[in-house]
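We will go from stop to stop.

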Amino acid sequence: MTFTSRIGKVRASFTGSLTKFRSRNEVDGLIWEDLEEALLLADVGATTTDRLINEVRQLSKEEQVNNPERVLEILQRKMIDSLESSNRELRQDSSLSIWLFVGVNGVGKTTTIGKLASQRNSMGQKIVLAAGDTFRAAAVEQLKQWAELSESTVISGSEGADPSSVIFDAVEHAASKGVELVLADTAGRVHTKSNLMEELQKIRRVAEKGDGTVTETLLVIDATTGQNGLIQARQFTEAAQVTGVALTKLDGTSRGGIIFAINEELGIPVKLVGIGERVEDLLPFEPTDFVNALFD
Ligand SMILES: Nc1nc2c(ncn2[C@@H]2O[C@H](COP(=O)(O)OP(=O)(O)O)[C@@H](O)[C@H]2O)c(=O)[nH]1
Ligand SMILES: [Mg+2]
């Protein structure tokens, strides 16, 4: 299945919400309300919606557009523009890089690590996985299954062990084997903010005690949680130096507009999207493909 068909729900709801807009024959005051409603329904978020509408309205006026379909073309361009400026590369140092995966329970951290490890393994890269979610034995098991599939090594501790020390051990192991990338899982317990900050900062500090550097802290967000996910995300970005978002379960939601809200309201680029449970269902986020699919 192609990317476009995988995000069928997102597309269908976006297209559906534009029906009223498209039924209009001219560009008058009312169509801006229709457009605003459509963007809000898609979970683009109030701030981004306001900005987009203002810009599109301004341009439509300047270009004396009097055809709703032309307005949509301008919107499409503006939506691409607002995502395109960010750098989405997953950063790896010349020596040993550590990527931390953070986010609440159930969002898809372990699955995303597993998919990424498998993909990198097929490209010939060796990876060490750190089972930093030490609070549930099942989490370690889940990571071990992915490790088998991706021919990676998992370093784990006993249940309840300090996640920092597990990640530290994983980095040591990677260094001793000449492996250049450690993907570190973490627990997704619900924290108070100061708690979360302390824990994540400790993990980072201890992870970097050895030969490695944390080059990515990826916040995993479940797209189906909509604006709630955004509130969680804000807590994490305040607590950790988040460098990118992996947005999962885009195949299971109609609320794809969350990508714009994350990008603009959190100022963090979406770097990866999850569109299913298989290895190949994790993709680098491509703004043009995504926006064009919405308008397809
Ligand atoms: N449909 C779909 N399911 C996903 C995706 N990513 C993760 N999942 C599922 O979400 C559930 C929770 O994932 P998990 O990795 O255990 O979350 P964690 O608690 O953050 O580690 C699992 O059943 C995954 O298979 C995705 O992109 N699409
Ligand atoms: Mg997990």
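**Before you start.** This is a predicted model: local features need pLDDT of at least 70, side-chain atom pairs count only at pLDDT 80 or more, and totals for chains, interfaces and linings use all residues. Residues are numbered from 1 along each chain as its sequence is written, chains are lettered from A and ligands numbered from 1 in the order in which they are written, and side-chain values use heavy atoms, with hydrogens and water left out.

Stop 1: Select arginine 70 and glutamate 73. Their side chains form a salt bridge, 3.2 Å from N to O. The term means a side-chain nitrogen of Lys or Arg within 4 Å of a carboxyl oxygen of Asp or Glu. Why can such side chains pair? Opposite charges can do so when their charged atoms come close. Both residues sit in helix H6, three residues apart, so about one helical turn separates them. Helices here are DSSP runs of H or I with at least four residues, strands are runs of E with at least two, and both are numbered from the N terminus. Glutamate 73 is partly exposed, at 42% relative accessible area. Arginine 70 is also partly exposed, at 28%. Buried means under 20% relative accessible area, exposed means over 50%, and partly exposed lies in between (1.4 Å probe, protein chains only).

**Stop 2: aspartate 133 and arginine 136.** Select this pair. Another salt bridge is here, with the closest N and O atoms 3.1 Å apart. Which partner is buried? Aspartate 133 is, at 3% relative accessibility. Arginine 136 is partly exposed, at 39%.

**Stop 3: a bridge between strands.** Select glutamate 216 and lysine 271. Their side chains meet in a salt bridge of 3.0 Å, N to O. Glutamate 216 belongs to strand S5 (residues 212-222) and lysine 271 to strand S7 (residues 270-274), so the pair ties together parts 55 residues apart in sequence. Glutamate 216 is buried, with a relative accessible area of 1%. Lysine 271 is buried too, at 6%. How many salt bridges does the whole structure hold? The search finds 20.

**Stop 4: strand S7 and its neighbour.** Keep S7 selected. Five of its five residues are buried, so S7 is largely enclosed by the rest of the structure. S6 and S7 run parallel, joined by three bridges. Strands pair if DSSP finds at least two bridges between them. Look for leucine 247, which stands opposite valine 273 in S7.

**Stop 5: helix H12.** Select residues 258-266. Seven of the nine residues in H12 are buried, so the helix is mostly covered. Among them are Ile258, Phe260 and Leu266. Step on to glycine 267, which follows H12 and has a positive phi, near 70°.

**Stop 6: isoleucine 155.** This residue lies in strand S3 (residues 153-155). Isoleucine 155 is buried, at 17% relative accessible area.

**Last stop: back to H6.** Select glutamate 84, in helix H6 (residues 68-84). Glutamate 84 is partly exposed, at 44% relative accessible area.
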